[in-house]
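The structure is shown first.

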Amino acid sequence: MEGVIIAINPGSTSTRMALFKGKERIADETVQHDSAELAPFNNVADQFDLRMARIDQWLTAAGIDNYRIAAIAGRGAPLRPLEAGIYKINDKMLNDLRTARYSNHASNLGGLIADHLAKRFNVPAVIVEPITIDNFNDFARVSGVPEIVRKSRSHALNIKAVCYSEAEKLGKSLSQTNFVVAHMGGGISIAAVEGGLIVDVNDGLLGMGPYSPERAGALPIGGVVDLCFSGKYSRDEIINKFSRESGLKAYLGTADLRSVEKMIDSGDKKAELYFGAMVYQIAKEIGACAAVLKGRINGIIFTGGMAHSARLVNQLTGYVSSFAKVKVIPGEFEMEALAAGALRVLEGKEIPKEY
């Protein structure tokens, strides 16, 4: 009987779960968690029992006892800077996740839950392309201020997944390709992917790249200094403002791109301006990544939830289509990427790294 891979992907208010037989998804579920039930947990790792109970309910309903489990794949969390690839889950990683050493992020639960399930079923557990994979060259790390080093934090899992897909369509191995990938969702990551490695990317969470539906992106430094010393905000409040309360949400009162487009369709010039300015900034960042790759590009890939917008895709294509052929892969493919990574390990095509 062919083995089944369990993929686990915790988000801030949801847990996504899926069963894969090879590359085929045979069952899936997304459990929503009420914000009120998560609020008591200052450290997201402490949500383990709550989330695990919901996962167990789903696994039972999915008839997990009727399958032979082959491996568990968990979403990779912010960890120390890592080479691209797949990682075994070990005690050092688990300790960093439990203590939120690098970030108190929902994805910390991915490795913790995967390890728990792996021990239950006596199978291997891995994380795939964690958020902090880092193949920056030395130039990419330099910020201009000695005390500040540029960090690699991105939607790496989905970025690598769409690159694998496009390389396959071109009949090439991933190592033979160069892509610029724009992952566009609540946050935006625009990456230069050279030979399958993310060699440069904006920090999609705080302080780099274009503004997004929720995030501020790069900002004029003088204005940032003035806000920080205005006396209006604590450190945590200013971080929250830039990472969750900026972008389209701050300008237009909503982070829902569909609502913004309805505003534009109704003749709202303010919505048209701030939507267009976001597209403009995304295009500039794509151009920067094209320069990093010295113009040697197999394609520019638009992905993430915002790539469903024909208006955004058309406007953005108008800016960047002269650089390379544009490929549109809307949505995200994190569950498929998790399962595919575990499958490569099971088939001996990739050796998982030690953390």
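## Residue N90

N90 sits in the loop that runs between strand 5 (86-88) and helix 3 (91-98); helices (H or I, at least four residues) and strands (E, at least two) are DSSP runs, numbered from the N terminus. The model is predicted: local features need pLDDT of at least 70, side-chain atom pairs count only at pLDDT 80 or more, and totals for chains, interfaces and linings use all residues. Residues are numbered from 1 along each chain as its sequence is written, and side-chain values use heavy atoms, with hydrogens and water left out.

Is N90 buried or exposed? N90 counts as buried because its relative accessibility is 17%, where buried means under 20% relative accessible area, exposed over 50%, and partly exposed in between (1.4 Å probe, protein chains only). A polar atom of the N90 side chain lies 2.9 Å from the backbone nitrogen of M93. Neighbours within four places in sequence left aside, N90 is in contact (heavy atoms within 4.5 Å) with E354 and Y355.

## Residue R98

R98 is placed in helix 3. With 47% relative accessibility, R98 counts as partly exposed. Not counting residues up to four places away in sequence, R98 touches N43, A45 and L112.

R98 and I86 are twelve residues apart along the chain, and 20 Å separates their C-alpha atoms.

## Cysteines

A disulfide is a covalent bond between the sulfur atoms of two cysteines. Here a disulfide is taken as a pair of cysteine sulfur atoms within 2.5 Å, and a search of the whole structure finds zero of them. C289 is in no disulfide, and the nearest cysteine sulfur, that of C163, is 11 Å away.

The relative accessible area of C289 is 4%, so C289 is buried. C228 has a relative accessible area of 37% and is partly exposed.

## Cavities

On a 1 Å grid over the protein atoms alone, a cavity is a set of points where a 1.4 Å probe fits but cannot get out, while a pocket is an open set with protein on both sides within 12 Å along at least five of seven lines; lining residues have an atom within 4 Å of a point. Grid points are joined across faces, edges and corners, and a volume is the space filled by probe spheres set on the points. By this rule there are two cavities of 30 Å³ or more.

The largest cavity holds about 50 Å³ of space. Its lining includes I188, N202, D203, R215 and G217. By class, this lining has five nonpolar, five polar and two charged residues; Ala, Val, Leu, Ile, Met, Phe, Trp, Tyr, Cys and Pro count as nonpolar, Asp, Glu, Lys and Arg as charged, and the others, Gly among them, as polar. The second largest cavity holds about 30 Å³ and is lined by A71, P124, V126, A342, V345 and L346. Helix 13 (residues 334-346) gives the most to that lining, with three residues. The lining of the second largest cavity has six nonpolar, no polar and no charged residues.

## The second largest pocket

About 670 Å³ of space lies in the second largest pocket. It is lined by 26 residues, of which K23, Y164, E168, A340 and R344 are the closest to its centre. Helix 6 (156-169) and helix 13 are the elements that give two or more residues to this lining.

Helix 6 gives the largest share, nine residues. The lining of the second largest pocket divides into 14 nonpolar, two polar and ten charged residues.

Technical notes. A polar contact is a pair of N or O atoms within 3.5 Å; within protein, one must be able to donate a hydrogen and the other to accept it, and residues adjacent in sequence count only if both atoms are side-chain atoms.
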